[in-house]
Amino acid sequence: MTILYWFRQDHRLSDNPALAQACTMAEHRSEPLLPVTLLPTEQTTDWGFTRLGEHRKAYEAQSLIALAGSLRSLGSDLHQPKTPGCEGLIELARQVNASCIVCESIHAPYEIDEIKTLTDAGIKVETIEQSALLPHDSLPFETSKTPTVFSDFRRQVEKAKSLPRTPLARPATLPPLPDGITGAVPYTAEIARPIRPTLDARSALPYQQEPWQGGEASGQAHLARYFASTLPGQYKASRNGLIGTDYSTKFSPWLATGAVSAAQIWQALQNHEATYGGNDGTYWIWFELLWRDHFRLMMQRFGRRLFRYAGLAKPPHQMVNTPPKHNQQGFDRWRHGLTGHAFIDAGMRELAATGYLSNRMRQNVASYLIHDLGCDWRAGAAWFEHCLVDFDVHSNQGNWAYIAGVGTDPRGGRRFNPDKQAHDYDRDASYRNLWSAD
């Protein structure tokens, strides 16, 4: 018998409660432990492009290669089934006589379907919630009754003094691998076939360079570097920047792959405040982590409704009973940075060239697609999924629905005036000039 540990979006050994649980089970049962990652299936969206673009593939490969190296340093290894997707995991589980698959819990439709595929095949799966900042049992309400308005959620959480769990240390050892693995191969740079997009020197997240690469070691080094600086205290004032690596925390890529946990960021933030003091800037980092949790809880509460054109809207909302509105030509111009609006096109060129975009520009380009071009917001959400190295299904879907007016925004959607936004955040046109087509 063997226990399989399936790394999903938790590419780390430290502060990994699900991995710790798998290790404990293996030790108590005297069973080997086989860490695995799945070969992704090639999927095309309803909009005619793949779910995984070049930058996402490259960053994911970086993160997994680093994870494999960490496992080898403890005498284990990361394996990948030869067959893509859950079918490969089912084949491998049967080949090694798996007693159980342990993995993190992800409350999103596609990821829920993956677990159902495994259990329908007769495989026992144990999922453990670990990606949120706040443990569910620390919340002052049932998850099914999470307030839909973020400000209500934040106030209740802060009043109840809900706090993150204490991060777990990196394990000193891991259970041994099973013998005779034939249904999977060790994950190496050769089989990862990482695509290496050319580094664009203008990038605000140059993940091709060592300090910014995927993986737990790089993420922890960035965490230490960031909180040893004065940047946290400046975060609220700088977070709407557009150029450079320092205007925001840049934690999101490591959070998205799970190379760094939200609880680890919280702990580092607490240590920083104990040394340097807290202010509006450091509070805003907590504030943004709460937003991340809220989007996770909204996905858990509403699930597939967040993927409908009408989202969470109810009658008599105009989008509930009308067919989806979509401007395909406008969408194509938008994603290629050819709308004719210099500020919007600059953002879309940055996204395509680097796999990253500031939060300020994400809001602007999303608003423009929905409210100025009259496109289906889900097409934009899918394009972000294709492009972003820090793609997170909960935050991505939640933010797009929010701006479209079918999410949790109590004001019914947000249109950003692109001319005013350019004036406010790019007054000297430095960002537009940086990403101009010339």
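Which residue of β2 is the bridge partner of Leu-4? In this predicted model, that partner is Leu-34.

## The paired strands

Let's start with that pairing. Strand β1 covers residues 2–6 and runs parallel to β2, with four bridges joining the two. To get from β1 to β2 the chain passes through helix α1, residues 17–29, and this β-α-β crossover is right-handed.

Strand β2 itself spans residues 33–36. Leu-33 and Pro-35 point one way, Leu-34 and Val-36 point the other way, and all of them are buried.

Now for the greasy parts. The largest nonpolar core has 48 residues, and Phe-331, Trp-334, Trp-377 and Trp-400 have the most contacts inside it. Helices α11 (280–302), α12 (328–335), α13 (342–354), α14 (359–372), α15 (377–387) and α16 (393–404) each put in at least two residues. Helix α15 gives the largest share of this core, with seven residues. Apart from it lies another core, made of 40 residues, among them Trp-266, Trp-284, Ile-285 and Leu-289.

Trp-334 is worth a click in your viewer. Leaving aside neighbours within four places in sequence, its contacts include Ile-344, Met-348, Val-365, Leu-369, Trp-383, Phe-384 and Trp-400. Thr-339, Leu-373 and Gly-380 are in contact with Trp-334 too. As a general rule, nonpolar side chains in soluble globular proteins tend to be buried together.

## Salt bridges across the chain

How many salt bridges does a search of the whole structure find? The count is 18, and a few of them deserve a look. One joins the side chains of Glu-385 and Arg-51, at 2.7 Å from N to O. Glu-385 sits in helix α15 and Arg-51 in the loop between β2 and α2 (54–72), so this pair ties together parts 334 residues apart in sequence. Glu-385 has a relative accessible area of 12% and is buried, while Arg-51, at 21%, counts as partly exposed.

Another salt bridge links Asp-113 to Arg-304, with the closest N and O atoms 2.6 Å apart. Asp-113 belongs to helix α4 (residues 109–120) and Arg-304 to the loop between α11 and α12, so here the pair ties together parts 191 residues apart in sequence. Both ends are partly exposed: Asp-113 has a relative accessible area of 32% and Arg-304 one of 48%.

The side chains of Asp-120 and Lys-116 meet in a salt bridge, 2.7 Å from N to O. These two residues are four apart in α4, about one turn of the helix. In general, an α-helix has 3.6 residues a turn, so residues three or four places apart point the same way. Asp-120 is exposed, with a relative accessible area of 56%.

## The buried face of α5

Which residues of helix α5 (residues 150–159) are buried? They are Phe-150, Phe-153, Arg-154 and Val-157. Looking down the axis of α5, you find these buried residues within an arc of 95 degrees, so they line one face of the helix. The buried residues of α5 pack against α11. Just after α5 comes Lys-161, with a positive phi of about 55 degrees.

Methods:
Residues are numbered from 1 along each chain as its sequence is written. This is a predicted model: local features need pLDDT of at least 70, side-chain atom pairs count only at pLDDT 80 or more; totals for chains, interfaces and linings use all residues. Side-chain values use heavy atoms; hydrogens and water are left out. Buried means under 20% relative accessible area, exposed over 50%, partly exposed in between (1.4 Å probe, protein chains only). Two strands pair if DSSP finds at least two bridges between them. A crossover is right-handed if, with the strands pointing away from the viewer, the path from the first strand over the helix to the second runs clockwise. A nonpolar core is a set of buried Ala, Val, Leu, Ile, Met, Phe, Trp, Tyr and Cys residues joined through side-chain atoms within 4.5 Å. Contact means heavy atoms within 4.5 Å. A salt bridge is a side-chain nitrogen of Lys or Arg within 4 Å of a carboxyl oxygen of Asp or Glu. The arc is that of the directions from the helix axis to the C-beta atoms.
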